[in-house]
Amino acid sequence: MKSKKTLLAAAIFSLFTFHTSSLRAQADPVIIRVAGQEVRQAEFMQNFMQSVGDKLAAKPNATEQEKRQALDEYVELYANFRAKVIDAKSMGLDTSADLRKELARYRKELAAPYLIDSAMLMGILREAYERNRYALHAAHILVKVSPNAAPEDTLQAYGRAMYLYRHAIAGENFFALAHDQVLRENPNAKPNPYEGELSYFSSFNMVYPFECAAYALQVGEISKPVRSRYGYHVIKLIDKVEYYGKATFQHIWKRNTENPNEIALIYERLQNGTSFDMVARESDDHTTSMSGGYINDAPLNQLPHEYIKTLSNLREGEISKPFLTRYGWHIIRLVKKDTLPDFQSMIPYYKQRLSRDPRGEESRKSFVQSARKKYGIIDYTVTPVPQPAKKGRKKQQPVQMQASLDEMVSLMNDSIFRDLWRFRVDQIHDLRPLVHTPSQDYNNLDFARFIRRNQRPTRHEPYADAVRRYYEQFIDSVTIAYADTQIEIENPDFADLVEDYRNGLMIFNYNDKMIWSKAIYDTVGFADFYARESRTKRMDLPEDSIYFWRTRARVLSFHVASSDCLRSDKAVKLVRKLAKKNKSSREIKEALLAKVDNKACTGQEPVSHTLDVVEQTRQELLTDDQWAQGVYCVPEGKGYRVMVVEEVLPPMLKEQMEARGYYLNAWQNEVEQKLMKELRSKYNVSINYDAVRKISY
């Protein structure tokens, strides 16, 4: 039998629990119930503020009535949303193949920043941003060598690059040295006095090692050989200017480089007030001369370096002095040019570029190293077998590791260097764990499959070196795969974002299946809806005007290319005569062609015809005095147009197919309203309006 103290304690605990639960319920009341699921105020308000409330609350002139109306509308929408989510899941839409594929793609993009060293990444992004303030004009000498070249070939290429570097810093012509190198690799190369010269470039325009070396130079300096995947570069920095992005400008170009007086006179006229558009007509660039010499949104790397140099020193609206290039004389007027946005605005762009740029690899490697320690990922190939403690001094035994790659090395052959290596499962006997993660161990069979999927053509090297290289990639991939599984656990906001996207995809597919497509393919239902709705439309109401045709005319036009082919008075007379006889358009055209002077119409189609139905006040074909049946003649270029107004149609209601687009949205809304009525009943949806009325924000 329980003591009085025990019973009293239980009663007090029960009362305390009831009181605490009561207080919690009062502080966070239920707002919506759907199929027994509760949505409390905290969850509801978080969604409301993110979707609507924050923007509305930030408006300085938002009234309490507006805020209340927004809240009342949202609670209805959110209740409908939760009902749709439950119904969509009951239909299996949350596990469809298309949804899983799209969600995986989105999650991969979303997870990428969580799988790199964020501190190192920000350093790389900041470096790119600071470099983007400037554009570089450089030249280079390239000694080609493959990334997988044999050591002796690599050494030979490096020696050649050093030879060219020493001659360049000694003062020899840099472009001549570059051309000599090209001739060594291609004896048939044409002479080029500017060999190796590059357009202006900025961050991400060049391979990363080249970019780093170039930005480290002072103007006029020459770099020592720099290795990239193309070979060894010797780089000379010619110029460095503050410049970013694209520019729109007008230009005048004169090919004659021998006579500077011509361009000087043009510049003088511009200085005296003649418009640039007018003078640009004299430019030798015939693609732009008649349109004011405009070149719109020209990228940095598509302009001659002299243009970049000149544009960098111009303000908007300013005209440059004449300058000379290898192509001739030029004058430009700056219309506008990009300026570098703030750093935060550039981050998404840089991250996108990093996904295809090797410099992002450094932050990934740094992340992998820290993740191995963080998650306790063990590489058994470098983990010694525990040795029992032994007394006394004995001969030191060789250290033995808990796993070995020897079997994998024994299975290698030269096909691994040609992306052709294969293996059989029964060849793998050593199945000791190679790598341990908290969720799984990986063995030689897993490693062999990884090599099979990821092998690439490479130069020959010892098999043990090739296996070790692939093994490092294997551990990295295992580490990243495990870290990827922990993102949702360690970052609730990330998990919420992925779940929101999943629900968004699911509801999109649900709406398409149950509302949009259903409304489109339910032709009987739409016909009934049109019959009901069209009876409510009134021509005298401005908001209903889209559902009616204004006065329309059916116009048959005959286009005569030139008056020399056929005089207009003869054509009008013939068309009027045949139209009265109700001749077809084909017959009228043939009659006109029979009257045409073919000698005067060489090289062009003398007569063509079109049929149009035009609406009054919404067309340019007929003038106000032509809205009556009859034949009219209108000049058209070198020729004219003979128009037959066959019929004038009075204003009328548009037929179902003519107004389909206008009615379809309203029809889909009706389908959705009917669906929501069914879902609210099916899932017993209820809204606590008393609690909603007490919410303030």
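This is a short tour of a predicted model, stop by stop.

Local features here need pLDDT of at least 70, side-chain atom pairs count only at pLDDT 80 or more, and totals for chains, interfaces and linings use all residues. Residues are numbered from 1 along each chain as its sequence is written, and side-chain values use heavy atoms, with hydrogens and water left out.

**Stop 1: helix H5**

Select residues 118–131, helix H5. Helices (H or I, at least four residues) and strands (E, at least two) are DSSP runs, numbered from the N terminus. The 14 residues of H5 should span 20 Å at 1.5 Å a residue, and the end C-alpha atoms are 20 Å apart, which agrees. The expected span is 1.5 Å times one less than the number of residues.

Go to the N-terminal end. Asp 117 caps H5 there, with a side-chain oxygen 3.1 Å from the backbone nitrogen of Ala 119. A polar contact is a pair of N or O atoms within 3.5 Å; within protein, one must be able to donate a hydrogen and the other to accept it, and residues adjacent in sequence count only if both atoms are side-chain atoms.

Now colour by burial. Buried means under 20% relative accessible area, exposed over 50%, and partly exposed in between (1.4 Å probe, protein chains only). In H5, Leu 121, Ile 124, Leu 125, Ala 128, Tyr 129 and Arg 131 are buried. Their cover includes strand E3 (134–144), helix H8 (208–215), H12 and helix H13 (360–375).

**Stop 2**

Axes are lines fitted to C-alpha atoms, for helices over the stretch in contact, and angles run from 0 to 180 degrees between N-to-C directions.

Show side chains. Contact means heavy atoms within 4.5 Å. On the H5 side, the residues include Leu 121, Leu 125 and Tyr 129; on the H12 side, they include Phe 343, Ile 347 and Tyr 350. The residues of this contact divide into 11 nonpolar, no polar and 2 charged.

**Stop 3: Phe 367**

Select Phe 367 in helix H13. At 12% relative accessibility, Phe 367 counts as buried. Leaving aside neighbours within four places in sequence, Phe 367 is in contact with Tyr 114, Leu 115, Ile 116, Asp 117 and Ala 483. Ala 483 is 116 residues from Phe 367 in sequence, yet 9.8 Å away, C-alpha to C-alpha.

**Stop 4: helix H6**

Move to residues 151–169, helix H6. Buried residues here include Thr 154, Arg 160 and Tyr 165. Among the elements covering the buried residues are E3 and helix H7 (174–185). Just after H6, Gly 171 takes a positive phi of about 110 degrees.

**Stop 5**

Select Ser 562, in the loop between strand E14 (552–560) and helix H20 (568–580). At 8% relative accessibility, Ser 562 counts as buried. The side chain of Ser 562 reaches the backbone nitrogen of Asp 564 at 3.1 Å.

Next, Asp 419: a positive phi of about 60 degrees, although not a glycine. At 31% relative accessibility, Asp 419 counts as partly exposed.

Finish at Asn 582, in the loop between H20 and helix H21 (585–595). Phi of Asn 582 is near 60 degrees. At 69% relative accessibility, Asn 582 counts as exposed.

Notes. Nonpolar A, V, L, I, M, F, W, Y, C, P; charged D, E, K, R; others polar.
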